[in-house]
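Here are my notes on the model, point by point. Please read them with the structure open.

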Amino acid sequence: MKGDPTALAALLAKLNEPSRKDFAASCGTTVKVLEGLADSKDPNPSARLAFAIERESCKLAKYLDLPVVTARQLCGAND
């Protein structure tokens with residue numbers, strides 16, 4: 001099953017550039033890598049990165065109106 005980067009794309013679209021950089025750094029990656037995943041029809045991040053994105057998006061969603069991006073969504077385990 002293919003991954004679905006829709007939630008990641010939505011999250012990145014709602015963040016300004018400094019916030020995107022902070023989010024990427026918190027995930028242990030770069031904005032360019034996150035944008036590449038969000039633009040991919042079949043993202044395939046490492047498990048470490050997928051779980052970091054999930055962890056950090058959960059933190060943001062607690063305080064801001066932003067979507068939670070799950071590792072299952074990114075890795076195609078949506079069944």
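1. A helix here is a DSSP run of H or I with at least four residues, and helices are numbered from the N terminus. By that count Ser57 sits in helix 4. Keep in mind that the model is predicted.

2. Start with the overall layout. The chain has 5 helices and 0 strands. Read from the N terminus, its elements run α-α-α-α-α. Of the 79 residues in the chain, 37% are buried. Take the contacts between residues at least 6 apart in sequence: 59% of them join residues at least 24 apart.

3. Next, the geometry of helix 4. This helix covers residues 47-63, which is 17 residues.

4. Which residues of helix 4 are buried? They are Leu49, Ala50, Ala52, Ile53, Glu56 and Ser57. Viewed down the axis of helix 4, the buried residues fall within an arc of 160°, so they line one face of the helix.

5. The face of helix 4 turned away from the buried side is a separate matter. It carries the exposed residues Arg48, Phe51 and Lys62. Note that Phe51 is among the exposed residues there, while Glu56 is on the buried list.

6. What do the buried residues of helix 4 pack against? Their partners are helix 1 (6-14), helix 2 (17-27), helix 3 (31-39) and helix 5 (71-75).

7. Back to Ser57. Its relative accessible area is 0%, and the cut-off for buried is under 20%, so Ser57 counts as buried. Leaving out residues up to four places away in sequence, Ser57 touches Leu11, Phe23, Pro67, Val68 and Val69.

8. Last, one helix pair. Two packed helices are described by the angle between their axes and the distance between the axes. For helix 2 and helix 3 the angle is about 90°, and the axes are 8 Å apart. Helix 2 is therefore roughly perpendicular to helix 3. From helix 2, Glu17, Arg20, Lys21, Phe23 and Ala24 take part in the contact; from helix 3, Val31, Leu34 and Glu35. The residues of this contact divide into 4 nonpolar, no polar and 4 charged. Phe23, in the helix 2 part of that contact, is also one of the residues that Ser57 touches.

Technical notes: Residues numbered from 1 in each chain as written. Predicted model: local features only at pLDDT ≥ 70, side-chain atom pairs only at ≥ 80, totals over all residues. Heavy atoms only, no water. Helix = DSSP H or I, 4+ residues; strand = E, 2+ residues; numbered from the N terminus. Expected span 1.5 Å × (residues − 1). Buried < 20%, exposed > 50% of the residue type's maximum accessible area, 1.4 Å probe, protein only. Arc of directions from axis to C-beta. Contact = heavy atoms within 4.5 Å. Axes fitted to C-alpha atoms, helices over the stretch in contact; angles between N-to-C directions. Parallel < 35°, antiparallel > 145°, perpendicular 65-115°, else oblique. Nonpolar A, V, L, I, M, F, W, Y, C, P; charged D, E, K, R; others polar.
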